[in-house]
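Here is a short report for a reader who is new to this structure. Please look over the sequence and the model before reading on.

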Amino acid sequence: MTELPLALPPYARALDMAIVDEIDGAPVIGMPFTDRVQGRPNFLHGGAISGLLEIAAIAAIHQALRAKGSDSAIKQVNVTVDFMRGGMSQMTFAVGEVTRLGRTMANVEARAWQDDRDKPIAMGYMHYLIKAKRPV
Amino acid sequence: MAFGKPDLGSIMPKGAAFDPALVNKIMGKFGHSGFLDMEYVGHGDDWVELSVDWREDLVADPETGILASAVIISLIDNATSMSIWTKLGEFRPQVTMDLRIDYLRPSPSGERVYGRGICYHLTNSIGFVRGFAHNGNPDEPLAHASGTFIRIGDRV
């Protein structure tokens, strides 16, 4: 691994996402409202919300793997996103929770919110394959 | 904050048949869809296909160049949403209720991604959709999707 452990990928940087906090060891990702994440006028695009959930989920699982001393790679199998509230034109946050980390797969739940963490605007449920790194 | 994106309801005059190519010319150039540079590919009675080109700043895994999965979600979200309006023959305000994507394989680095959205059932309030993504050959899908949209009255 040559990259910084918590460096966000190009997609996240393009949408101005940044690690802003930490909850139970998992990084909280913040995403400001810009034209690049807008859907219908003055609302977030569902795809941008999904992107924030994805980055939070990936960050949480990398964190969980590191805590186990593992350098395994991950591969996303699927995702279900529930959109609960319209994302308003303001800062949005997301955090992932690894609900199960096994040897071959992981279940991750990610939550996105704006003013109140107890009022999520969207939830993502992801499955990841855990793949041991091939020897170089 | 105000941005330049026009209101979809005002683009499509009442009574005019929904034209996905025309709507994407506007919808695909603003906001998140504009950032992804979504292009219209084709449509039928109940489906719409859009595409997004591979770009370095859309990558989620710099080691492999694999696109962020959310790029596929955005593509499928727009294509399925437009498939409802296409099947209806008119625009109606709606929001995505949920969307599920199964990734059969990664989209290779450098390759354009196509997303086809199909509306397979419509009720007064719900649009049921499915879709798939591919790299140019619909017979070799890279992802399958299903989801629902809910009509939101006049609250556009």
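## Chain A at a glance

This is a predicted model. Chain A contains two helices and six strands. Read from the N terminus, the order of its elements is α-β-β-α-β-β-β-β.

What is the radius of gyration of chain A? The value is 15 Å. A compact globule of 136 residues would have a radius near 14 Å, so chain A agrees with that expectation. Along the principal axes, the C-alpha atoms of chain A fill a box of roughly 50 × 25 × 25 Å. Of the 136 residues, 40% count as buried. Take the contacts in chain A between residues at least 6 apart in sequence: 62% of them join residues at least 24 apart.

## Strand pairing in chain A

Strand β1 (residues 18-23) of chain A pairs with strand β2 (residues 26-31) of chain A. The sense is antiparallel, and the pairing runs over five bridges. These two strands form a hairpin with two residues between them. At the turn, A:I23 stands opposite A:A26 in β2(A).

β2(A) has another partner: strand β4 (residues 92-101) of chain A. This pairing is also antiparallel, over four bridges. Here A:I29 has A:A94 in β4(A) as its bridge partner.

## Two loop residues with positive phi

A:D16 sits in the loop between α1 (10-14) and β1 of chain A. Its phi is positive, about 60°, although A:D16 is not a glycine. Is A:D16 exposed or partly exposed? A:D16 has 13 C-beta neighbours inside 10 Å, so it counts as partly exposed.

A:D24 lies in the loop between β1 and β2 of chain A, in the turn of the hairpin. A:D24 is not a glycine either, and its phi is positive, near 50°. A:D24 counts as exposed because it has 9 C-beta neighbours inside 10 Å.

## Where the chains meet

How many residues of chain B are in contact with chain A? There are 31, and they touch 30 residues of chain A. On the chain B side, the elements giving two or more residues are α3 (31-36), β3 (59-61), α4 (69-88) and β5 (94-103). The largest share, nine residues, comes from β5(B). By type, this side of chain B divides into 17 nonpolar, five polar and nine charged residues.

Strand pairing crosses between the chains. Strand β3 (residues 73-83) of chain A and β5(B) pair in the antiparallel sense over five bridges. In this pairing, A:N78 has B:D102 as its bridge partner.

## The nonpolar core

The largest nonpolar core has 77 residues. Which of them touch the most other members? They are A:L52, A:L53, A:A56, B:V71 and B:L75. Helix α2 (residues 46-67) of chain A gives the largest share of this core, eleven residues.

Leaving aside neighbours within four places in sequence, B:V71 is in contact with B:L36, B:V52, B:L58 and B:V113.

## One face of a helix in chain B

Helix α2 (residues 20-27) of chain B has these buried residues: B:P20, B:V23, B:N24 and B:M27. Seen down the axis of α2(B), they fall within an arc of 100°, so they line one face of the helix. An α-helix has 3.6 residues a turn, so residues three or four places apart point the same way.

Conventions
Residues numbered from 1 in each chain as written. Chains lettered and ligands numbered in written order. Predicted model: local features only at pLDDT ≥ 70, side-chain atom pairs only at ≥ 80, totals over all residues. Buried ≥ 20, exposed ≤ 12 C-beta atoms within 10 Å, placed from the backbone. Arc of directions from axis to C-beta. Core = buried A, V, L, I, M, F, W, Y, C linked by C-beta atoms within 7 Å. Contact = placed C-beta atoms within 7 Å. Rg over C-alpha atoms; globule rule 2.2 N^0.38 Å. Pairing = 2+ DSSP bridges. Nonpolar A, V, L, I, M, F, W, Y, C, P; charged D, E, K, R; others polar.
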